[in-house]
Amino acid sequence: MAAQPVSRMLRRVLRSSVRSCSSGAPVTQPHPGEPSQPAVEVPSGRRRFLREHAAPFSAFLTDSFGRRHSYLRISLTEKCNLRCQYCMPEDGVPLTPKADLLTTEEILTLARLFVKEGVDKIRLTGGEPLIRPDVVDIVAQLHQLEGLRTIGITTNGISLARLLPQLQKAGLSAINISLDTLVPAKFEFIVRRKGFRKVMEGIHKAIELGYSPVKVNCVVMRGLNEDELPDFVALTEGLPLDVRFIEYMPFDGNKWNFRKMVSYKEMLDTLRQQWPELEKLPEEESSTAKAFKIPGFRGRVSFITSMSEHFCGTCNRLRITADGNLKVCLFGNSEVSLRDHLRAGASEEELLSVIGAAVGRKKRQHAGMFSISQMKNRPMILIGG
């Protein structure tokens, strides 16, 4: 499918979804030359408070290589309403009993502790985080934490159009939407469910409400969707999207194979054949993405190169799974249960000691794609993608 017809197709989908959105308002876009407005602004009083009360970064969140971990990903649930091939085994996964999952109060207790120690960005993940009934309340309570600058969410987009107005009001400031194809039939094949139009409506709603950029995560798999790379890039011409191409990564049950992985350099070469003017943008500190832009396009394109060019040296991320385990590396199989320590009545100092010991054991870099593919780890859905 050619890039331009797909771009027109998505615009038709987005326009048609306007009629089904509760606001009924068209997509609002700034005039050329006008800066995009952030979805959620930090009040000036809070900014002043953060400047005046900035504390030295926590030793508990600093590893032996000097990496400061200021970004925490929290999985709200193991459940999902899709069954993506690269994320979940075909026959599903055994779910943790509800009593063994973190409660809302436990999530907020841990979040408060990490923010107090220097975390300034929290991303809520799953499973699919929007199926958790109290997700809006969790965002609202996180938004009250002094020092927390960014609250993001990674979603499959199925429920996004319905919930985003409430989430934005609660304080949600960043959105990542998973979308691996622009072909509805292929969408159903990849995720083993219907829902393509709902995801498109979610993208529309995020643009309408002023999120810029709206990040679209696309896992690229050879023989499945690598032919759609130009079609995704074409979307960034008129829409404030950051399309992020992610190298296919090995996790338990996803039948990873090196031959299915399309490397960053191969993807870049493919795109430069059509857009030789593609230019690299400066990389932000601790960024996982290599960002590019086509001059004159409104959005941009990024590459997550976990397999071919790892970014372990600047990693600032920690993860808490839905059952309360702290993972200091996405690809590591070492975990420590913060839930068990919480429920045993551990003090704040004792929790920090456990966290600090885990962070201190973090390795310089992951083991490499071939070793990772042989290691025992959780399926992606049980980690919190």
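## Helix α6

Buried means under 20% relative accessible area and exposed means over 50%. In this predicted model, helix α6 (residues 184-191) has Lys-186, Phe-187, Ile-190 and Val-191 as its buried residues. These residues lie on the same side of α6, because the arc they cover around the axis is only 120 degrees. Ala-185 and Phe-189 are exposed, on the face of α6 turned away from the buried side.

The cover over the buried residues of α6 includes α7 (196-208).

## Confidence

The protein has a mean pLDDT of 82, with 74% of its residues at 70 or more. In residues 1-7 the pLDDT is below 50, and the model gives this stretch 13 contacts beyond near neighbours in sequence.

Strand β6 (residues 241-247) is largely enclosed by the rest of the structure, since seven of its seven residues are buried. In a regular strand, side chains alternate between the two faces of the sheet. In β6, Leu-241, Val-243, Phe-245 and Glu-247 point one way. Asp-242, Arg-244 and Ile-246 point the other way, and the residues of both sets are all buried.

Strand β5 (residues 214-220) pairs with β6 in the parallel sense through seven bridges. Within this pairing, Asn-217 has Arg-244 of β6 as its bridge partner. Together with helix α8 (residues 229-235), β5 and β6 form a right-handed β-α-β unit. Strand β6 also runs parallel to strand β9 (residues 300-304), to which five bridges join it. Here Asp-242 has Arg-300 of β9 as its bridge partner.

## Aromatic pairs

There are six aromatic pairs in the structure. One of them is formed by Phe-245 and Phe-303, whose ring centres are 5.9 Å apart; their planes stand at 45 degrees, so this pair is tilted. Because Phe-245 lies in strand β6 and Phe-303 in strand β9, the pair ties together parts that are 58 residues apart in sequence. Phe-245 and Phe-303 are both buried.

For Trp-275 and Phe-297, the ring centres are 6.4 Å apart and the planes are at 75 degrees, so the pair is edge-to-face. Trp-275 is in the loop between α9 (264-274) and β7 (279-280), and Phe-297 is in the loop between β8 (289-293) and β9, so this pair ties together parts 22 residues apart in sequence. Trp-275 counts as buried because its relative accessibility is 9%. Phe-297 counts as buried too, at 13% relative accessibility. Ring pairs also link Phe-232, Phe-245, Tyr-264, Phe-292 and Phe-303 into a cluster.

## Thr-155 in strand β3

Thr-155 belongs to strand β3 (residues 150-155). Thr-155 has a relative accessible area of 1% and is therefore buried. Apart from neighbours within four places in sequence, the residues in contact with Thr-155 are Glu-128, Leu-130, Leu-160, Ile-175, Asn-176, Ile-177 and Ser-178.

Conventions. Residues numbered from 1 in each chain as written. Predicted model: local features only at pLDDT ≥ 70, side-chain atom pairs only at ≥ 80, totals over all residues. Heavy atoms only, no water. Helix = DSSP H or I, 4+ residues; strand = E, 2+ residues; numbered from the N terminus. Buried < 20%, exposed > 50% of the residue type's maximum accessible area, 1.4 Å probe, protein only. Contact = heavy atoms within 4.5 Å. Pairing = 2+ DSSP bridges. Right-handed = clockwise from strand over helix to strand, strands pointing away. pLDDT = per-residue confidence, 0-100. Arc of directions from axis to C-beta. Phe/Tyr/Trp six-rings, centres within 6.5 Å; stacked < 30°, edge-to-face > 60°.
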